[in-house]
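Please read the following walk through the model with the sequence and the structure side by side.

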Amino acid sequence: MLSIKAFAKINLYLDVISRYPDGYHQLESIMQSVSLFDLIKITPSKEISVSCTEKNLCQESNLAFKAAELLRELTGKDSLGATINIIKNIPIAAGLAGGSADAAATLIGLNILWDLGLSLAELQEIGIKIGADVPFCLAGGTMLAEGRGERLTRLTPMPQVEFVLITPPLHVSTAEVYRLLDQKALPPMNRKDQFITSLSRGGVGEIARSLGNLLEAVAIADHPIITKIKEMAIEAGGAAALMTGSGPTVFVLCQDKGLADKVANTIRSYDQSFFVEVVRPVNQGVEVIQT
């Protein structure tokens with residue numbers, strides 16, 4: 001049996017440059033893997049089956065199932081199968097790439113289990129067919145993602161900071177956020193280079209001032225709780241707070257564990273229905289912990 005950690009991601013910076021003719025968007029995003037993870041367990045089997053602690057994410061509805069089916073199809077290994085069990089810790093549809101992380105871990109695991117010998121680049125070529133965040137989740141760490149997410153450049157790692165992840169119990173439609181962005185015709189921020197420079201210098205204050213997410217301006221119009229969370233987090237001592245992806249999760253950048261715990265306790269006291277987790281940056285997207 002393989003046991004694999006599939007790490008969540010946050011968007012330290014997310015800009016939308018243009019819209020492709022097929023409706024997808026050209027992005028510039030600086031992504032960071034964090035220590036919150038789903039646990040994926042894979043064992044050999046005659047068929048592909050996926051179970052999950054979230055009962056509505058079993059079989060065909062799970063990106064891990066799509067990843068396994070696609071990998072088997074593209075490598076011609078029709079006789080191979082696997083039983084994939086996913087223990088979810090990453091909130092669903094929260095802007096943390098939980099589904100993409102699970103798909104990435106599945107690709108890594110099956111590459112080992114089926115003895116395929118595929119390189120990371122080859123797995124990433126398959127991953128982009130599953131979802132825009134999968135190529136990043138396969139590599140992880142601190143990376144610039146461009147295009148649809150397939151063009152990746154490794155950056156200076158984040159300094160040793162703490163993040164607080166805060167997810168209110170609400171649904172934010174990614175498709176609707178992008179539709180509203182197109183409707184409002186918001187111009188790109190064009191601050192990618194500024195962020196990369198701040199990252200290379202390693203100062204937490206400078207990094208905090210460089211954070212940005214163009215989608216946040218659209219999402220908070222319909223979901224003012226995002227603004228409320230950010231305000232409370234800063235008042236409690238966070239250096240910066242920003243929505244990740246298309247939301248609704250907000251991450252709070254903190255100088256140290258003490259401040260992160262203070263922010264987390266403040267939010268938990270405000271509303272116990274919120275998912276709140278203190279995490280740290282990690283330098284990989286997937287970790288095989290048992291074979």
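How much accessible surface does the chain have, and what share of that surface belongs to carbon and sulfur atoms? The accessible surface comes to about 12,300 Å², and 49% of this area belongs to carbon and sulfur atoms; such areas are computed by the Shrake-Rupley method with a 1.4 Å probe, and for residues only the protein chains shown count as cover. The model is a predicted one, in which local features need pLDDT of at least 70 and side-chain atom pairs count only at pLDDT 80 or more, while totals for chains, interfaces and linings use all residues. Residues are numbered from 1 along each chain as its sequence is written, and side-chain values use heavy atoms, with hydrogens and water left out.

The chain holds 10 helices and 12 strands, where helices (H or I, at least four residues) and strands (E, at least two) are DSSP runs numbered from the N terminus. Along its principal axes the C-alpha trace spans about 55 × 45 × 35 Å. The radius of gyration of the chain is 19 Å, which agrees with the value near 19 Å that a compact globule of 291 residues would have; the radius is taken over C-alpha atoms, and the globule rule is 2.2 Å times the number of residues to the power 0.38. Of the 291 residues, 53% count as buried, a word that means under 20% relative accessible area, with exposed meaning over 50% and partly exposed the range in between (1.4 Å probe, protein chains only). As for charge, the mean positions of the 26 positive and 31 negative charges are 2 Å apart; Lys and Arg count as positive and Asp and Glu as negative, without His or the chain ends, and each charge is placed at NZ of Lys, CZ of Arg, CG of Asp or CD of Glu.

We turn next to the interior. A nonpolar core is a set of buried Ala, Val, Leu, Ile, Met, Phe, Trp, Tyr and Cys residues joined through side-chain atoms within 4.5 Å. The largest such core has 40 residues, and those with the most contacts inside it are Ile40, Ile42, Leu71, Ile84, Leu107 and Ile130. Helix α2 (residues 98–113) gives the largest share of this core, with 7 residues. Apart from this core lies another, of 31 residues, which includes Leu180, Leu214, Ala236 and Val276. Beyond its neighbours within four places in sequence, Leu107 is in contact with Ala67, Leu71, Leu123, Ile126, Gly127, Ile130, Val134 and Leu138. Thr106 is found in helix α2 and is buried, because its relative accessible area is 0%. Not counting residues up to four places away in sequence, Thr106 touches Ile40, Ile42, Ala64, Ala67, Ala68 and Ile84.

Phe251 lies in strand β10 (residues 250–254) and counts as buried because its relative accessibility is 0%. Its contacts, leaving aside neighbours within four places in sequence, include Ile10, Leu12, Phe163, Leu165, Leu211 and Leu242. Leu199, 52 residues from Phe251 in sequence, is 17 Å away in space, C-alpha to C-alpha. Asn62, by comparison, sits in the loop between β3 (48–52) and α1 (63–75), and with a relative accessible area of 5% Asn62 is buried. With neighbours within four places in sequence set aside, Asn62 is in contact with Val50, Cys52, Leu57 and Ile86.

Other loops deserve a look for their accessibility and backbone geometry. Gly23, in the loop between β1 (2–19) and β2 (25–45), counts as partly exposed at 24% relative accessibility. The peptide bond from Gly247 to Pro248 is cis, with omega near 5°, and Pro248 is found in the loop between β9 (240–243) and β10. Ala93, in the loop between β4 (81–87) and α2, has phi near 50°, a positive value in a residue other than glycine, and counts as partly exposed at 48% relative accessibility. Ala185 has a positive phi of about 55° although it is not a glycine; Ala185 lies in the loop between α5 (174–184) and α6 (192–201) and is exposed, with a relative accessible area of 57%.

Technical notes
Contact = heavy atoms within 4.5 Å.
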